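Here are some notes for a colleague opening this structure for the first time. Please keep the view beside you and go through the points in order.

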Amino acid sequence: MAIPLALTLPGRNEFGAEHYAYPGQLRLWVGSTRTLRPIEGETGASFRGRVDSLIAALDPCGIIDVTVDEDIRAGAVVQATIRITRSPSPVSAGRDQRIASGRPSGSRGVRSGSGSH
């Protein structure tokens, strides 16, 4: 069963971003980037296996290309960056409800007092 990449990122050693294009009035999802770091005590082989299993679990529908860049320092893999290029697909441009810097705040993308973008 394929799982969305966003669901595979539960830790402080993993972070990323979604990529969008905005032709006209549309918002199109065009890709993702995920950066992973080894968990403390994880061997290089285990880390590479984890990265490979995340890639294998991706739903291939709409994916054009997947690349992996490894950062190697002193002979050890210290970071892997997965870049996914997708066929553009429309997504909702709903309100961003994330908290800023781990603290509650107003909605992102909304000017103070304006109530909309």
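1. Let us begin with R50. Is R50 buried or exposed? With a relative accessibility of 16%, R50 counts as buried, because the cut-off for that class is under 20%. Please keep in mind as you read that this is a predicted model.

2. Where does R50 sit, and what surrounds it? This arginine belongs to helix α1. Setting aside neighbours within four places in sequence, R50 is in contact with E14, L36, R37, P38, I39 and E42. Two of the names in that list, E14 and E42, come back in the next points.

3. Take E14 to start with. The side chains of R50 and E14 form a salt bridge, with 2.4 Å from N to O. This pair links distant parts of the chain, since R50 is in helix α1 and E14 is in strand β1, 36 residues apart. Both R50 and E14 are buried.

4. Now for E42. R50 also forms a salt bridge with E42, and here the closest N and O atoms are 3.0 Å apart. The side chains of R50 and E42 are likewise joined by a polar contact of 3.0 Å. E42 is partly exposed, with a relative accessible area of 22%, whereas R50 is buried at 16%.

5. How many salt bridges does the structure hold? There are five. One of them brings together the side chains of E70 and R48, at 2.8 Å from N to O. E70 lies in strand β3 and R48 in helix α1, so this pair ties together parts that are 22 residues apart in sequence. E70 is partly exposed, with a relative accessible area of 33%, and R48 is partly exposed as well, at 38%. Salt bridges with shared partners also join E14, E42 and R50 into one network.

6. Next, please look at the nonpolar residues. Which residues make up the largest nonpolar core? It has nine: L36, F47, V51, L54, L58, V77, A80, I82 and I84. The elements giving two or more residues to this core are α1 (44-56) and β4 (76-90). Of these, β4 gives the most, with four residues.

7. Leaving out neighbours within four places in sequence, F47 is in contact with L36, R37, P38, E42, V77, Q79 and A80. Among them, L36, V77 and A80 are also listed in the largest nonpolar core. E42, the salt-bridge partner of R50, is another contact of F47.

8. Not counting residues up to four places away in sequence, T35 touches N13, E14, F15, Q79, A80 and T81. E14, which T35 touches, is the residue that meets R50 in a salt bridge.

9. Please move on to R27, in the loop between β1 (14-21) and β2 (28-36). Beyond residues up to four places away in sequence, R27 touches Y20, A21, Y22, S89, P90, V91, S92 and A93. R27 and S89 are 62 residues apart in sequence, with 8.3 Å between their C-alpha atoms. The side chain of R27 reaches the backbone oxygen of S92 at 2.7 Å.

10. What about the aromatic rings? R27 lies over the face of Y20, at 3.9 Å from the ring centre. R86 lies over the face of W29, and here the distance from the ring centre is 4.1 Å. How many aromatic pairs does a search of the whole structure find? The search finds zero.

11. A last point to check is A74, in the loop between β3 (63-73) and β4. Most residues other than glycine have a negative phi. A74 has a positive phi of about 55 degrees, although it is not a glycine. Is A74 buried or exposed? A74 is exposed, with a relative accessible area of 91%.

Key
Residues are numbered from 1 along each chain as its sequence is written. This is a predicted model: local features need pLDDT of at least 70, side-chain atom pairs count only at pLDDT 80 or more; totals for chains, interfaces and linings use all residues. Side-chain values use heavy atoms; hydrogens and water are left out. Contact means heavy atoms within 4.5 Å. A polar contact is a pair of N or O atoms within 3.5 Å; within protein, one must be able to donate a hydrogen and the other to accept it, and residues adjacent in sequence count only if both atoms are side-chain atoms. A nonpolar core is a set of buried Ala, Val, Leu, Ile, Met, Phe, Trp, Tyr and Cys residues joined through side-chain atoms within 4.5 Å. Buried means under 20% relative accessible area, exposed over 50%, partly exposed in between (1.4 Å probe, protein chains only). A salt bridge is a side-chain nitrogen of Lys or Arg within 4 Å of a carboxyl oxygen of Asp or Glu. Rings of Phe, Tyr and Trp (its six-membered ring) pair if their centres lie within 6.5 Å; planes under 30 degrees apart count as stacked, over 60 as edge-to-face and the rest as tilted. A charge sits over a ring if NZ of Lys or CZ of Arg is within 6 Å of the ring centre and within 35 degrees of the ring normal.
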